[in-house]
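Subject: Structure for you, with notes

Hello,

The structure is pasted below, and my notes on it follow. Please read them with the coordinates open.

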Amino acid sequence: MRRADPAAPARAGEEPLIEEPTADAVRGQLERLRTHAFAGSGKLFSFLRFVVDEALAGRGATLKELVIGIELYGGVVDYDPRIDSTVRVEARRLRRKLDAYYSGQGAHDAVIISMPTGSYAPCFRMRVEAEPVLPKLPEPVVRAPMLAVLPFTALCGEERAFAAGLTDELIHAAERAVRFRAAPRAIMFQFRETRYSLDVVAAEAGADLVLHGTVRCAQDVRRIAMELSNRWGQILWSDRMDVAGDDDLAAQERIAAEILTRLPTAVAEPS
């Protein structure tokens with residue numbers, strides 16, 4: 001779109017440009033400035049009114065320091081810009097006055113009158129309201145589910161130490177898994193050798209999921225049975241595995257890794 005010449009008024013018959021207010025709108029804004037921004041600053045407003053009238057009359061290009069000085073500040077002796085800086089000083093005051101007004105009381109005025117630095121020809125434009133910036137909603141935080149590993153129960157006395165070690169290894173592995181957050185050992189081992197309900201365990205640990213199981217041994221084979229429950233005690237998944245050979249520490253580490261691998265991803269989301 002062609003931009004309007006800020007020093008020239010709109011011509012009859014031409015389609016008005018969006019960036020340029022009409023001459024009547026500029027004069028109306030000039031009156032508003034006189035009342036609200038330049039009350040008590042008559043000489044400074046005379047400067048503004050002169051340059052605005054000249055620009056609206058199509059003579060913006062002729063607005064030089066000498067022209068303004070002779071018109072507004074000339075007396076018995078003609079204005080000489082080489083020895084008189086009145087126009088330059090008043091122009092700076094005028095720019096500051098306009099900036100202050102449009103930054104404050106006139107922040108929502110439809111018509112903006114300004115005088116760019118380095119020129120005495122005023123610019124006229126309509127305020128273009130910016131599109132409202134909608135606050136960016138934070139991305140939802142998807143937290144890994146809290147997994148509570150109950151002490152595994154040894155179904156034969158000689159497996160109690162192995163079951164406790166397996167539980168500890170499971171908590172250790174869950175703490176390092178991306179899929180889960182692990183409930184602390186201090187909370188979980190208080191349930192060893194005690195009666196409990198799964199929903200109470202989940203509430204106590206703040207857990208979404210509860211893993212529990214048993215260990216029994218027949219000859220040289222250990223059988224590990226495990227179940228995964230939700231916070232209401234409903235069974236979501238169960239499985240079992242047989243392990244033979246290996247020393248206890250290696251077996252506990254291998255079984256813990258295998259159990260976490262087997263846990264289904266479908267139930268690993270927070271409910």
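I begin with a helix pair: α5 crosses α8 in a right-handed sense (right-handed if the near helix is turned clockwise from the far one by less than a right angle, left-handed if anticlockwise). Helices here are DSSP runs of H or I with at least four residues, strands are runs of E with at least two, and both are numbered from the N terminus.

Before going further, note that this is a predicted model, in which local features need pLDDT of at least 70 and side-chain atom pairs count only at pLDDT 80 or more, while totals for chains, interfaces and linings use all residues. Residues are numbered from 1 along each chain as its sequence is written, and side-chain values use heavy atoms, with hydrogens and water left out.

The α5/α8 pair

Helix α5 covers residues 160-175 and helix α8 residues 248-262; their axes lie 8 Å apart, at an angle of about 50 degrees. Axes are lines fitted to C-alpha atoms, for helices over the stretch in contact, and angles run from 0 to 180 degrees between N-to-C directions. At that angle α5 is oblique to α8 (under 35 degrees is roughly parallel, over 145 roughly antiparallel, 65 to 115 roughly perpendicular, and the rest oblique). On the α5 side the contact (heavy atoms within 4.5 Å) is made by A161, F162, G165, L166, E169, L170, A173 and A174, and on the α8 side by D248, A251, Q252, E253, I255, A256, I259 and L260. Sorted by class, these are 11 nonpolar, 2 polar and 3 charged residues. In this scheme Ala, Val, Leu, Ile, Met, Phe, Trp, Tyr, Cys and Pro are nonpolar, Asp, Glu, Lys and Arg are charged, and the others, Gly among them, are polar.

Chain and cores

The protein chain has 8 helices and 8 strands. Of its 271 residues, 37% are buried (buried is under 20% relative accessible area, exposed over 50%, partly exposed in between, with a 1.4 Å probe and protein chains only). Among contacts with a separation of 6 or more, 55% join residues 24 or more positions apart.

A nonpolar core is a set of buried Ala, Val, Leu, Ile, Met, Phe, Trp, Tyr and Cys residues joined through side-chain atoms within 4.5 Å. The largest one holds 37 residues, of which L147, F152, L170, M188, L211, I224 and I259 touch the most other members. At least two residues each come from β3 (146-149), α5, α7 (198-205), β6, β7, β8 (235-244) and α8. Helix α5 gives the largest share, 6 residues. Leaving aside residues up to four places away in sequence, I259 touches F152, L170, L211, I224, M226 and M241. Another core, of 30 residues, lies apart from this one and includes L30, F38, I68 and F124.

Helices α1 (residues 23-36) and α2 (residues 42-56) pack with axes 11 Å apart at about 180 degrees, which makes α1 roughly antiparallel to α2. Here A23, V26, R27, L30, L33 and R34 of α1 meet F45, L48, R49, V52 and L56 of α2. This contact has 8 nonpolar, no polar and 3 charged residues.

The axes of α2 and α3 (residues 65-73) come within 11 Å and cross at roughly 125 degrees, so α2 is oblique to α3. Their crossing is right-handed. The residues in contact are S46, F47, F50 and V51 of α2 with I68, E71, L72 and Y73 of α3.

Single residues

- Q29 is in helix α1 and counts as buried, at 6% relative accessibility. Beyond residues up to four places away in sequence, Q29 touches Y101, Y102, D109, V111 and I113.
- F124 is in strand β2 (residues 123-126) and is buried, with a relative accessible area of 6%. The C-alpha atoms of F124 and V52 are 9.1 Å apart, against 72 residues in sequence.
- Q219 sits in the loop between β6 (209-218) and β7 (221-230). Its phi is near 55 degrees, a positive value in a residue other than glycine, and Q219 is exposed, at 80% relative accessible area.
- W232 is in the loop between β7 and β8 and is exposed, at 55%. Its C-alpha atom is 9.7 Å from that of V210, 22 residues away along the chain.

Regards
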